[in-house]
Amino acid sequence: MSMVKLVDVRKSFGDNEVLKGINLEIESGEVVCIIGASGSGKSTMLRCLNHLERITDGEVYIQGELTDKREKNKDLMKIDPVKVQALCAELGMVFQNFNLFPHLTVIQNITVAPTIVKKVDKAVIEKTALDLLEMVGLSDKKDEYPSRLSGGQQQRVAIARALAMEPMIMMFDEPTSALDPELVGEVLATMRKLAEEGMTMIIVTHEIGFAREVADRVIFMDEGVICEQGTPEEVLLNPKEERTKIFLNKIL
Amino acid sequence: MLNEIQLQAILAGTIVTLQIAIVAIIFGAIFGVIIALGRISKNKVANSLSWFYIWFFRGTPLLLQLFIIYYAIPIIYLDSTGMTFTIDPMLCAYVAFSLNAAAYLAEIIRAAIESIDGGQMEAAKALGMSYRQAMTKIIIPQTFKRLVAPMGNELILLLKDTSLVSTIALFDLLRTVKTMASATGSWVYYIYAAAIYLFLTTIIQVVFDKTEKKLGVYER
């Protein structure tokens, strides 16, 4: 059974069609990197998976369960929103701009959602949070406010925050794009560690080197469609499609 | 100088003034949050009701609203039921000032909520929070610091606007000293009133400044 599945997904913002029929399945334990130029629909596709954007046409499945089915923006299924919310919470998300909660300390950022959404016991979740902070190497920052951390540190807290909800999949939306170059490495190292632990990951990224190293599958998107996909060797080293070659030539 | 009776009258007037302003800011803030949530809601009914509320209470003079509640409601009641009832002027003042403050505070609160970066709501949703959870735990707490300064503004305005209640048989601070001034022919009572208004607004200003700093600890 696939962890997430998109069937013929289309998404328009007004007259602008951003996704033009996407079919995608992600298996358990897979690390998938999505590359492509800005405006190719990479981020939108990710955001459609956890309903930050609602699709216009097509079907979305999470762990085999239908979470959205639409035709011409008409909701065909009217699925119980509580159930959808619970399924979407299985997808942890890390944003380009971190989006930490500035009024909460590092540890509160990590514990707030498990406490109010899953009603996890306070002592239990604090222990989990400390373990996660240790994993991302920020144990000493637990009582700081996010504004006092560097970008790289903030992003590592954001990763810990998403992991605290024990998601089935971690999605990363250009996690290093807003970082100063010298801070990119520490975030990638954390992500690499997650991949080695067998976490299912979908990563939208411009870090081609990183994709080549950790990805099981690389997807190249262009103008709202999946143009080419395969192993990193196939897509990054021996691309078949002309558009993939042009893109890779531009950024390498 | 003031004699004992005058002193007590001025104190009583000050208390009336303070009571109305404080009740209005508290209830105004509570209604204001509800109306602000209506304004940003996608629900058409909630949205237009709150739009209409703000339109009416900001668009008509507070004095008129006070008159409607104090004079018009008993007459309407008399015409429709044939019974008379006396209405407590203090209660009228509480209601009119709270309803009016709510309209202004609703717009302040709405703007504060909308000024919070959209990424905050997205992050909360991605973590599985419902709209209500995200609002109460993530978005609204972040507006507190931004609300302190305009709330202090509103409280100071309310404190001075309470002088309108002299028109519905209440003795607030200003009316009390005005009566003394006309009875004695001495203008010095106005100086006392000015000093008390300034004393009260100074306290508000200092307390709100401190609160704003305290709530901003998480900012760089």
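**Close-up views of a predicted two-chain model**

**Figure 1. Where chain A and chain B meet.** Welcome to this predicted model, in which 25 residues of chain A are in contact with 21 residues of chain B. The size of an interface is often given as the accessible area lost when the parts come together. Here, the area buried between chain A and chain B comes to about 1900 Å², and carbon and sulfur atoms give 63% of that area. Seven residue pairs are in polar contact between chain A and chain B, counting pairs with both residues at pLDDT 80 or more. Look next at the elements on the chain A side: helix 2 (81-88), strand 7 (91-94), helix 3 (106-117) and helix 5 each supply at least two residues of the side that touches chain B. Helix 3 of chain A gives the largest share of that side, with four residues. Sorted by kind, the residues of chain A that touch chain B are 17 nonpolar, five polar and three charged.

**Figure 2. The salt bridge between the chains.** How many salt bridges are counted between chain A and chain B? The count is one. The partners to look for are A:Arg47 and B:Glu122, whose side chains meet at 2.6 Å, N to O.

**Figure 3. The open sheet of chain A.** Five strands of chain A form this open sheet, and their order across it is 2-1-4-5-6, with antiparallel pairing. Strand 2 and strand 6 (74-75) each have a single partner strand, so these two stand at the edges and one side of each has no neighbour in the sheet. Strands of a sheet pair through backbone hydrogen bonds, either parallel or antiparallel.

**Figure 4. Strand 1 of chain A and its two partners.** On one side, strand 1 (residues 4-13) pairs with strand 2 (residues 16-26) in the antiparallel sense, over eight bridges. Strand 1 and strand 2 of chain A form a hairpin with two residues between them, and A:Gly14 in the turn has a positive phi of about 65 degrees. Strand 1 also pairs with strand 4 (residues 57-62) of chain A, again in the antiparallel sense, over five bridges. In this pairing, A:Val7 stands opposite A:Glu59 of strand 4.

Figure 5. Strand 5 (residues 65-71) and strand 6 of chain A are joined by two bridges in the antiparallel sense. To find the pairing, look for A:Glu71, which stands opposite A:Lys74 in strand 6.

**Figure 6. A:Ser150, in a loop of chain A.** This serine is found between helix 4 (122-135) and helix 5 (151-163) of chain A. Is A:Ser150 buried, partly exposed or exposed? A:Ser150 counts as partly exposed because its relative accessibility is 26%, which lies between the 20% and 50% limits. Leaving aside neighbours within four places in sequence, A:Ser150 is in contact with A:Leu183 and A:Glu186. A:Ser28 lies 122 residues from A:Ser150 along the chain, and the C-alpha atoms of the two are separated by 33 Å.

**Figure 7. Chain B, a chain of helices.** Chain B has eight helices and zero strands. The C-alpha atoms of chain B fill a box of roughly 70 × 55 × 20 Å along the principal axes. Of the 220 residues in chain B, 42% are buried. Among contacts in chain B with a separation of 6 or more, 76% link residues 24 or more positions apart.

Technical notes. Residues are numbered from 1 along each chain as its sequence is written. Chains are lettered from A and ligands numbered from 1 in the order in which they are written. Side-chain values use heavy atoms; hydrogens and water are left out. Buried means under 20% relative accessible area, exposed over 50%, partly exposed in between (1.4 Å probe, protein chains only). Contact means heavy atoms within 4.5 Å. Buried area is the accessible area (1.4 Å probe) that two parts lose on being put together, summed over both. A salt bridge is a side-chain nitrogen of Lys or Arg within 4 Å of a carboxyl oxygen of Asp or Glu. A polar contact is a pair of N or O atoms within 3.5 Å; within protein, one must be able to donate a hydrogen and the other to accept it, and residues adjacent in sequence count only if both atoms are side-chain atoms. Ala, Val, Leu, Ile, Met, Phe, Trp, Tyr, Cys and Pro count as nonpolar, Asp, Glu, Lys and Arg as charged, and the others, Gly among them, as polar. Two strands pair if DSSP finds at least two bridges between them.
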